[in-house]
Every structure is written in structure tokens, then in C-alpha cells.
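Open the model in your viewer and keep the selection tool at hand. Each stop below tells you what to pick next and what is there.

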Amino acid sequence: MLTRVYGVTFPNQKELDEYLLLLEEAIVKDPKNEDNLLLKGDALYAKTPDNASFAIKSYLAVLDINPKSPRGVVRVANIYRAAQNQELANQKYKEAKLIDSTYAPAYRANAELNMRFGKKKAAIDDWQKYLKLNNNLEARYLYTTALFNAKQYCEAITEVNYLNANN
């Protein structure tokens, strides 16, 4: 069974263990490589989604190497979001946006968090910022869904028309 975490698809459990071993070797050879540590955290989260403590250690190792890594901060925020800790997740997403105001995933994740906790205006604001950075059809579809959920029907209709015109 494939597991998908943060846009990365992981293989079955046996292959996931082999993948983690390869990542460990890569980390030993290049301990300051953020990508390897992020992938390790993602793989650990895929392996034990009910216990994110292993994954978060890997994400925090990224922040030890580079405290200004928006990718590391967003991954930590995603763990808080999964744990239903809206306050800490929101704080981390804001931190990531302050570090790099052009890091689109921070806006998308913060918008999704705000929608989950009923903060529709804040969600719409984040979706609009996300669209400025990543204006593709999938992003517009998600934005349209947020507009509909926020009962901004006129704006949602405009977006639906745009989506229909672009197939």
C-alpha cells in the first residue's frame, strides 16, 4: 500500500524501511543536507502517523542546521495541525511566512488550517496570497471551494466560471 505525505508517495512498509536506511546513509554522508532530513521526517511520519515524535525530530534537525528554513517550519506546523493544535500550527505558519513571504506552501497550509477551525476570512486571505504565488487550476479550485464554504457565493461563481472556461 502506498502512503502519501506532503506530496511524496512512499512505498509499502518493507520498502519504506529500506528507504529509511538509504536516507540514514545519505544523512551520514551529508549531515547538513536539508532535503535528506525533510524526506526522513516525511518517511517517519508515513511509517508512524499516530506518533509524529520521530518525524518532528528530523524536522527540528533541519531547523538546527538552518533556523530560517520555511520548509522545516511548515513541516513542524503540519505536525501541530495534524494534532489539532490550531494555535501552535498557526504560529508556525506565520513564522514561515515571515521567513520567506514567497513560500507558497505556508499560505496554502495556513488557509487549510483556518478553514478547518472556522476562520473563513483568514483562510480566504491566505488562499488569495497563495494564488498570487501559485496560480494554477488546482489552486483556483481549492480557492473556489473555500469561497463556497465561506458563503461568498458571488465570488465562488466567478471562480467556477473561470474553471469551466479552462476545463
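Select S69 and E34 and show their side chains. The two side chains make a polar contact at 3.0 Å. A polar contact is a pair of N or O atoms within 3.5 Å; within protein, one must be able to donate a hydrogen and the other to accept it, and residues adjacent in sequence count only if both atoms are side-chain atoms. This is a predicted model, where local features need pLDDT of at least 70, side-chain atom pairs count only at pLDDT 80 or more, and totals for chains, interfaces and linings use all residues. Residues are numbered from 1 along each chain as its sequence is written, and side-chain values use heavy atoms, with hydrogens and water left out.

Stay on S69. Is S69 buried or exposed? S69 counts as buried because its relative accessibility is 1%. Buried means under 20% relative accessible area, exposed over 50%, and partly exposed in between (1.4 Å probe, protein chains only). Leaving aside neighbours within four places in sequence, S69 is in contact with E34, V62 and L63. Contact means heavy atoms within 4.5 Å. S69 sits in the loop between α3 (53-65) and α4 (70-82). Helices are DSSP runs (H or I, at least four residues), as are strands (E, at least two), numbered from the N terminus.

Now select α3 and α4. Their axes are 8 Å apart, and the helices pack at an angle of about 155 degrees. Axes are lines fitted to C-alpha atoms, for helices over the stretch in contact, and angles run from 0 to 180 degrees between N-to-C directions. α3 and α4 are therefore roughly antiparallel to each other. The cut-offs: under 35 degrees is roughly parallel, over 145 roughly antiparallel, 65 to 115 roughly perpendicular, and the rest oblique. Show the side chains where they meet. From α3 come I56, Y59, L60, V62 and L63; from α4 come G72, V73, R75, V76 and I79. The residues of this contact of α3 with α4 divide into eight nonpolar, one polar and one charged. Here Ala, Val, Leu, Ile, Met, Phe, Trp, Tyr, Cys and Pro count as nonpolar, Asp, Glu, Lys and Arg as charged, and the others, Gly among them, as polar.

Next, pick Y103. Look for it in the loop between α5 (86-99) and α6 (104-116). Y103 is buried, with a relative accessible area of 16%. Which residues does Y103 touch, not counting those up to four places away in sequence? They are P70, R71, V74 and L133. Y103 and L133 are 30 residues apart along the chain, and their C-alpha atoms are separated by 7.9 Å.

Move to α7 and α8. Their axes come within 10 Å and cross at roughly 160 degrees. That makes α7 roughly antiparallel to α8. Among the residues that meet are W127, Q128 and Y130 in α7 and L142, Y143 and A146 in α8. Click Q128, in helix α7 (residues 120-133). Q128 counts as partly exposed, at 35% relative accessibility.

Two backbone stops remain. Most residues other than glycine have a negative phi. Select K151, in the loop between α8 (137-149) and α9 (153-165). Its phi is positive, near 60 degrees. K151 is exposed, with a relative accessible area of 59%. Finish on N167, in the segment after α9. N167 is not a glycine, yet has a positive phi of about 60 degrees. At 89% relative accessibility, N167 counts as exposed.
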